[in-house]
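Please read the numbered points alongside the display.

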Amino acid sequence: SQINNYILGVTTSTYLDRAMVLVEPPMDMNTYAGGSQFGCPIDAFRETMTQTSSLRHQQANWNVASDFPLGFSRLVDHPSWLSHGCEVPCSGTHSYKDWRRLSKGTEDLSEITCTNPDGTEVNVMVSGGSRLRIHFRKYESSMTLGHPSLAAEKWATNLGATPGEAEIFSNLRDKREIWDYVLGLMNKAGFLRFRPWIARDVELFLKSFELPMGKSYDAIHVRRGDKLIKEARRYVVKYWRRQGHTDEDHLPTNYVPFTAYLSKWDEPDACPVDDNGEVQVVKRNVYVATDDPVVVREEIAALPNHISPNTILWNDCHELTFYFNPTDDSAFHLNGNGEGGFEEGHEVEGGDSCFGRYHRNIASIADMMILSKARTFIGDYNSNWGTVIRTMRVRLSEPVSRHDSATDGDGSIARERNMHRVGSFTRTLDTRVLWGAKRVRAPGY
């Protein structure tokens, strides 16, 4: 949800033509060990030596370096094209407590004018994650109105658009096309840039995977856990009702089974046929990201037509080899067992320690990188992770260029310009939604 809130912040600040500055809680007010919800890499620590009467008894004292990023900034390297190079404003008159109080005010975006240490006045709009979502819900529809306009071109330019891309964006009128173009611009600009230690440790972690990263692969995201209690319940009930189970209190399972995800490959053109009419088997390496790996592995073991323990033949067409995250089969959420935190008995995972959080953080980001780059992604739009992955899979399309200035064969005159086919302003890497709201998706929402 924090990454989605960040995406909302990027969308809103660029639309309002304002710099976006992150305000992090200082160490003495931070509720997380090590000063960040994303844990502590080894880079966070500074070693100091405590001298005793004998050099032989020197002891190392490890402390988080005072200049090491805190909070969300430990995960993401916030780019200067969003911050405009600005520091946190009005540092002489407004502390973190003041900004936090304003972010929780009655207004969606609290607006104040204050004075910087150099005497300059600055107008600031303040918001936190929950208030930003309220604001976005209220103004989302109006943000896509009024095209074409100079304001729309400016918004696109703030997102890193070229003059040509800004003109294309300004002329879009369809809500879905507008939001997808915003996503395409954000991804092109590289808005989600991880800190060097995150990039390094994710790369090292990926090397421990059995998944052949040098070849094309597909991915499935199975989110269960705490989501089954409330958010996903109606989708589970709906799925089983379609299978003929109408008693909501006695369903075969309290989740959508893994076979339902595999069924997304059952498309009319899913099985290629050769010149003799014979079905050609398609081999697929499939990465499974899930917070329920033990049960999903059992579901795979129970499938028919096994070629090997991790490989099946699905519908006589797809040879699917499954791969999982190599971490322990115990906790897969940054906050433990889910958004509610840890369940009792999970001390073995490092609990809520700085190192335990960082380990889970790296595993989660590795999953995100794999899912976002997969040839085909199968998942849901019910979870925060599913929304992030969909955001990361949108791309701008290359324009179809025509340079004909002479007469065409039919006698008509072709103008020299760049053209896009209808509906091809953006493309989304093959994404198949099993369940969840499939409405127009605004960035991070």
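1. Does threonine 11 count as buried or exposed? At 0% relative accessibility, threonine 11 counts as buried; here buried means under 20% relative accessible area, exposed over 50%, and partly exposed in between (1.4 Å probe, protein chains only). Threonine 11 belongs to helix α1. Helices (H or I, at least four residues) and strands (E, at least two) are DSSP runs, numbered from the N terminus. Setting aside neighbours within four places in sequence, threonine 11 is in contact with Phe136, Met143, Trp155, Trp179, Met186 and Pro443, contact meaning heavy atoms within 4.5 Å.

2. On the basis of the note: this is a predicted model, in which local features need pLDDT of at least 70 and side-chain atom pairs count only at pLDDT 80 or more, while totals for chains, interfaces and linings use all residues. Residues are numbered from 1 along each chain as its sequence is written, and side-chain values use heavy atoms, with hydrogens and water left out.

3. Valine 21 is found in the loop between α1 (2–15) and β1 (45–50). With a relative accessible area of 29%, valine 21 is partly exposed. Not counting residues up to four places away in sequence, valine 21 touches His78, Cys86, Glu87 and Val88. Its C-alpha atom is separated by 9.6 Å from that of glycine 9, 12 residues apart along the chain.

4. The largest nonpolar core has 67 residues, of which Tyr6, Leu75, Phe169, Leu192, Ile198 and Tyr287 touch the most other members. Such a core is a set of buried Ala, Val, Leu, Ile, Met, Phe, Trp, Tyr and Cys residues joined through side-chain atoms within 4.5 Å. Helix α12 (residues 354–373) gives the most to this core, with nine residues. Apart from this core lies another, of 30 residues, including Val236 and Val288. In soluble globular proteins, nonpolar side chains tend to be buried together.

5. Strand β6 (residues 282–290) has seven of its nine residues buried. Strand β5 (residues 218–222) runs parallel to β6 and is joined to it by five bridges; isoleucine 220 has valine 288 of β6 as its bridge partner. Seven bridges join β6 to β9, also in parallel, and the partner of valine 286 in β9 is phenylalanine 322. Two strands pair if DSSP finds at least two bridges between them.

6. In helix α3 (residues 96–103), the buried residues are Tyr96, Trp99, Leu102 and Ser103. Seen down the axis of α3, these fall within an arc of 130 degrees (taken from the directions from the helix axis to the C-beta atoms), so they line one face of the helix. The buried residues of α3 pack against β3 (110–115), β4 (121–126) and α4. Lys97 and Arg101, which are exposed, are carried on the face turned away from the buried side.

7. Most residues other than glycine have a negative phi, and most peptide bonds are trans. The peptide bond from histidine 147 to proline 148 is cis, with omega near -5 degrees; proline 148 lies in the loop between α4 (129–143) and α5 (150–158). Asparagine 305 is not a glycine, yet has a positive phi of about 60 degrees, and is partly exposed at 47% relative accessibility. Aspartate 316, also not a glycine, has a positive phi of about 55 degrees and is exposed, with a relative accessible area of 56%.
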